[in-house]
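Open the structure in your viewer and keep the selection tool ready. The stops below are taken one at a time.

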Amino acid sequence: MTVQAQQSHQGPERSSRRGVRSSTMDGMPCKDMPWWRWRSNVRSALHMLSDPVFQRECWLTGRPGYGDVTDAVYRLVEDTWLDNWSADKYIGTIFRDAQEAALVDVAVLRVLRIMHQVGADAPVAAYLEHQGWPEAVRAARDAHVLLAANDGEDPDEPPRSLDVLAVMLRAA
């Protein structure tokens with residue numbers, strides 16, 4: 001499948017993908033990486049998974065507009081199949097180099113291990129209270145910081161809502 005076909009396959013059927021078109025993503029060209037839409041989903045998920053304050057204030061309280069842990073994991077692996085193979089498969093398309101890919105792999109494995117232990121439909125508290133959660137958060141943070149820095153963004157900005165992500169994903 002071509003990159004264009006893959007991007008059009010992502011279509012507007014998912015609510016996290018609706019919005020107004022824009023030519024930049026926080027000042028960066030939207031097509032900086034060939035599969036920038038996939039990168040945006042991975043980055044969004046890693047950002048939410050890496051921020052314990054966000055998790056307490058948004059996920060634990062059920063604040064609308066940010067999904068939940070399962071939604072973040074889905075965005076992390078939905079198009080990439082990172083639950084089935086290594087991120088190094090996407091070096092040059094989603095990830096810039098082996099360092100990005102390696103950090104994403106570690107984060108994916110740690111988060112998925114917990115998801116498999118507590119269950120995809122477990123309440124947010126089950127994730128946050130899991131003994132391995134701090135390690136998963138650290139791994140997601142390491143990956144998030146590197147990807148954000150490589151995209152010229154501040155990794156310490158609060159995670160964007162799914163509506164904002166949708167606007168970014170619709171950007172030309």
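Start by selecting D154, which lies in the loop between α7 (133–150) and α8 (162–170). The model is a predicted one.

Next, select α5, residues 98–118. This helix has 21 residues and spans 30 Å from its first C-alpha to its last, close to the expected 30 Å. At its start, select D97 and Q99: a side-chain oxygen of D97 comes within 3.1 Å of the backbone nitrogen of Q99.

Stay with α5 and colour its buried residues, which are E100, A101, V104, D105, A107, V108, V111, L112, I114 and M115. In an α-helix there are 3.6 residues a turn, so residues three or four places apart point the same way. Which helices do the buried residues of α5 pack against? Show α2 (36–49), α4 (69–77), α6 (124–128) and α7 to see these partners. Just after α5, select G119, where phi is positive, at about 100 degrees.

Last, go to W81, in the loop between α4 and α5. Its phi is near 60 degrees, a positive value in a residue other than glycine. W81 is partly exposed, because its relative accessible area is 45%, which falls between the cut-offs of 20% and 50%.

Technical notes
Residues are numbered from 1 along each chain as its sequence is written. This is a predicted model: local features need pLDDT of at least 70, side-chain atom pairs count only at pLDDT 80 or more; totals for chains, interfaces and linings use all residues. Side-chain values use heavy atoms; hydrogens and water are left out. Helices (H or I, at least four residues) and strands (E, at least two) are DSSP runs, numbered from the N terminus. The expected span of a helix is 1.5 Å times one less than its number of residues. Buried means under 20% relative accessible area, exposed over 50%, partly exposed in between (1.4 Å probe, protein chains only). Contact means heavy atoms within 4.5 Å. A polar contact is a pair of N or O atoms within 3.5 Å; within protein, one must be able to donate a hydrogen and the other to accept it, and residues adjacent in sequence count only if both atoms are side-chain atoms.
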